[in-house]
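Here is a friendly walk through one protein model, helix by helix. Have the viewer open and follow along.

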Amino acid sequence: MSDHQTPTPDFSPAMLKGFLRARVKMQFYMAAYPNSPLKAAPDQEHREARLRGELRKLAGVSAKDFNRAWAGLGIDVDARLKLWRALGVSPTAHGVRLIGTDQQEWMAHRRADDAA
């Protein structure tokens with residue numbers, strides 16, 4: 001048996017913030033720059049706001065919860081799960097159970113039915 005332990009994946013509020021922001025930026029640039037020449041800067045803020053709204057609706061969370069997550073603040077565990085799943089990530093599929101507004105615990109066994 002190895003002394004090496006697999007690190008627990010990080011589903012903290014800070015990590016959720018990073019994933020949300022990366023998804024919006026990625027979607028913006030994919031839509032703004034499908035072909036050369038590149039042009040989109042004038043209405044980037046408006047487009048990104050629209051993409052944030054679409055992601056929030058896809059997740060099915062309140063504007064308050066989305067804004068708190070966007071800022072890296074803790075939110076209700078159900079809203080956290082919905083946001084992670086909207087990003088295509090299931091914490092339980094990675095052996096992690098979310099607890100409260102900003103904590104997590106390693107689960108002893110993964111459950112196949114918990115996959116996103």
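Just past helix H3, Gly-72 adopts a positive phi of about 85°. Before going on, a word on the basis of these values: this is a predicted model, in which local features need pLDDT of at least 70 and side-chain atom pairs count only at pLDDT 80 or more, while totals for chains, interfaces and linings use all residues. Residues are numbered from 1 along each chain as its sequence is written, and side-chain values use heavy atoms, with hydrogens and water left out.

The protein has 4 helices and 2 strands, in the order α-α-α-α-β-β from the N terminus on. Helices (H or I, at least four residues) and strands (E, at least two) are DSSP runs, numbered from the N terminus. Of its 116 residues, 31% count as buried, that is, under 20% relative accessible area with a 1.4 Å probe and protein chains only (exposed is over 50%, partly exposed in between).

| H3 | Asp-65, Phe-66, Ala-69, Trp-70 | 135° |

The arc is taken over the directions from the helix axis to the C-beta atoms. In H3, which spans residues 63-70, Asp-65, Phe-66, Ala-69 and Trp-70 are buried; their arc of only 135° puts them on the same side of H3. Their cover includes helix H1 (13-32), helix H2 (44-59) and helix H4 (77-86).

How do H1 and H4 pack? Their angle is about 40°, with the axes 11 Å apart, so H1 is oblique to H4. Axes are lines fitted to C-alpha atoms, for helices over the stretch in contact, and angles run from 0 to 180 degrees between N-to-C directions. Angles under 35 degrees count as roughly parallel, over 145 as roughly antiparallel, 65 to 115 as roughly perpendicular and the rest as oblique. On the H1 side, Met-15, Leu-16, Phe-19, Leu-20 and Arg-23 meet Leu-83, Trp-84 and Ala-86 of H4.

How values were computed: Contact = heavy atoms within 4.5 Å.
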